[in-house]
Amino acid sequence: MSIFPLFIRRLYVRSKWFIKNYDKIEYNSTIFFPIFGPPTYNTDGLTTSTNCDFIKEKKFAAAYEAARKTNPWPNFTLMWRIHVVCWVAENIKNLEGDFVECGVNTGAYARAIIEYINFNSLGKMFYLMDTFEGLDQKLVTEEEKKMGILSYNYRNTYEEVKKTFAPFNTKIIKGSIPDTLPQCDVKKICFLSIDMNNVVPEIAAMEYFWDKIVINGMVILDDYGFPLHINQKIAFDKFAKSVGHEILTLPTGQGLILKTH
Ligand SMILES: C[S@@+](CC[C@H](N)C(=O)[O-])C[C@H]1O[C@@H](n2cnc3c(N)ncnc32)[C@H](O)[C@@H]1O
């Protein structure tokens, strides 16, 4: 297939974006003067010349390949986000407590982590919670609907996920959060990933699990910095303030919380 129509479409989308945002672009913006060297990373909303040799490291490459093989979608390129979740997992793996992910889809993050830290050797449990059939529409707010959150399209991944994670210490909990939260019998948590793309179940999960997170445990919020998910950011900032913590905004769009007290 010719790439010409794709090129025209991209040019159209870029031009529209430029016209809408040109007054916000500074003279020395990286849009005009891209970066200080050859681009090292140019995908998933992030373009930079910052060193990302981690992509070539053997341990990371194996973990990323395991994630890619879960087949979330064609041309899956979330290397930097997966680098972050693997780094978090590596740094908390010797704390007391189990791992929990709310919003699993095919399990790309969980599968990468399992590979990266040799999860089965740790004697921990990885709880994987999802409807496995997309967003629970009744929980999506009117504002989120207007913003286009319902355009996310997920296939039914339950059978795939059962197969992918059968060899590992995992408990798969199928159904809508918050309804399924009491089914998760975890006592202590050292790693919590929240990635459901809508605010109501995400905040419910955070409120439910926060007290179970051990000191120095970490929470990774996948959608925190993305414009489409501004309602999640507002809600999580409020939550973090209420428990005396601050969220680190990462250039990948993720938010990171280190539980200190
Ligand atoms: C972006 S995907 C998660 C991606 C995943 N973290 C990964 O490693 O690739 C979002 C997931 O959240 C799930 N989800 C959305 N709302 C939910 C809810 N209320 N309860 C349970 N799962 C939900 C969807 O079914 C979807 O699989």
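Tutor: Two ground rules before we start. Residues are numbered from 1 along each chain as its sequence is written. This is a predicted model, so local features need pLDDT of at least 70 and side-chain atom pairs count only at pLDDT 80 or more, while totals for chains, interfaces and linings use all residues.

Student: At what angle do H7 and H8 pack, and how far apart are their axes?

Tutor: Helices here are DSSP runs of H or I with at least four residues, strands are E runs of at least two, and both are numbered from the N terminus. Axes are lines fitted to C-alpha atoms, for helices over the stretch in contact, and angles run from 0 to 180 degrees between N-to-C directions. For H7 and H8 that gives axes 10 Å apart and an angle of about 20°.

Student: Are H7 and H8 roughly parallel or roughly antiparallel?

Tutor: Angles under 35 degrees count as roughly parallel, over 145 as roughly antiparallel, 65 to 115 as roughly perpendicular and the rest as oblique. The angle between H7 and H8 is about 20°. The pair is therefore roughly parallel.

Student: Which residues of H7 and H8 make the contact?

Tutor: Two residues are in contact if their C-beta atoms, placed from the backbone, lie within 7 Å. On the H8 side that picks out Asn 231, Gln 232, Ala 235 and Phe 239, and on the H7 side Val 199, Glu 202, Ile 203 and Met 206.

Student: Is Phe 132, with its positive phi, buried or exposed?

Tutor: Phe 132 isn't a glycine, yet its phi is near 60°. You'll find Phe 132 in the loop between strand S4 (126–130) and H5. Because it has 23 C-beta neighbours inside 10 Å, Phe 132 counts as buried.

Student: And Asn 75, buried or exposed?

Tutor: Asn 75 also has a positive phi, about 55°, and lies in the loop between H2 and H3. With 6 C-beta neighbours inside 10 Å, Asn 75 counts as exposed.

Technical notes
Buried ≥ 20, exposed ≤ 12 C-beta atoms within 10 Å, placed from the backbone.
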